[in-house]
Amino acid sequence: MNVELWEKCVTFHGHHCPGLAIGVRASLEAIKTLSLDLDGDDKIVCVAENESCSVDGIRAVLDCTGEKGNLFFIKGGKQAFSVFNQTTGASIRLILKELPPMERDEMEAFLLNEPDATKLFDFEKPHFELPEKLN
């Protein structure tokens with residue numbers, strides 16, 4: 001885990017917690033899976049199925065916000081995130097798996113440092129399309 005990135009996310013969120021770690025790790029896995037270019041022209045959209053601490057990880061890493069019109073919420077009650085690259089048409093849905101019980105700090109470290117992302121998330125195609133491209 002990139003310590004500088006984690007510190008940026010903690011500063012943005014206001015404290016460190018496993019919820020924030022979920023969103024940060026989901027964002028990093030989406031970047032890797034979709035080959036997102038955050039400094040380029042890729043137009044990224046995220047649909048979060050919850051409104052928890054994890055969404056601040058999405059905001060801080062993927063730069064998706066309601067104000068920019070590229071962060072949406074659906075009431076799914078899951079730690080799940082559908083990420084779309086509107087430039088390439090690629091997309092992925094990451095769903096947090098049920099994890100073994102751990103203490104708070106241990107869970108945070110596990111989420112940030114587990115090398116095998118398939119132990120953390122199920123990866124699938126989003127079950128919906130975005131209605132239109134954002135400008």
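Which residues does F81 touch, not counting residues up to four places away in sequence?

1. **What you are looking at.** This is a predicted model, in which local features need pLDDT of at least 70 and side-chain atom pairs count only at pLDDT 80 or more, while totals for chains, interfaces and linings use all residues. Residues are numbered from 1 along each chain as its sequence is written, and side-chain values use heavy atoms, with hydrogens and water left out.

2. **F81 and its neighbours.** F81 touches I22, A26, C46, V47, A48, N50, S54, V55, I58, I92, R93 and L94, leaving aside residues up to four places away in sequence. Contact here means heavy atoms within 4.5 Å.

3. **The core.** F81 and V83 have the most contacts inside the largest nonpolar core, which has 34 residues. Such a core is a set of buried Ala, Val, Leu, Ile, Met, Phe, Trp, Tyr and Cys residues joined through side-chain atoms within 4.5 Å; buried means under 20% relative accessible area, exposed over 50% and partly exposed in between, with a 1.4 Å probe and protein chains only. The largest share, eight residues, comes from α2.

4. **Helix α3.** Eight of the nine residues of α3 (residues 54-62) are buried, so this helix is largely enclosed by the rest of the structure. Helices (H or I, at least four residues) and strands (E, at least two) are DSSP runs, numbered from the N terminus. The buried residues of α3 pack against α1 (3-13), α2 (18-34), β1 (44-48), β2 (71-73) and β3 (80-85). Just after α3, look for D63, which takes a positive phi of about 60 degrees.

5. **How α1 meets α2.** These two helices pack at an angle of about 130 degrees, with their axes 11 Å apart. The axes are lines fitted to C-alpha atoms, for helices over the stretch in contact, and angles run from 0 to 180 degrees between N-to-C directions. On the α1 side, the contact is made by L5, W6, C9, V10 and H13; on the α2 side, by L20, A21, V24 and L28.

6. **The cysteines.** You will find zero disulfides in the structure; a disulfide is a pair of cysteine sulfur atoms within 2.5 Å. For C9, the nearest cysteine sulfur, that of C17, is 11 Å away. C9 counts as buried because its relative accessibility is 0%, and C17 counts as buried at 5%.
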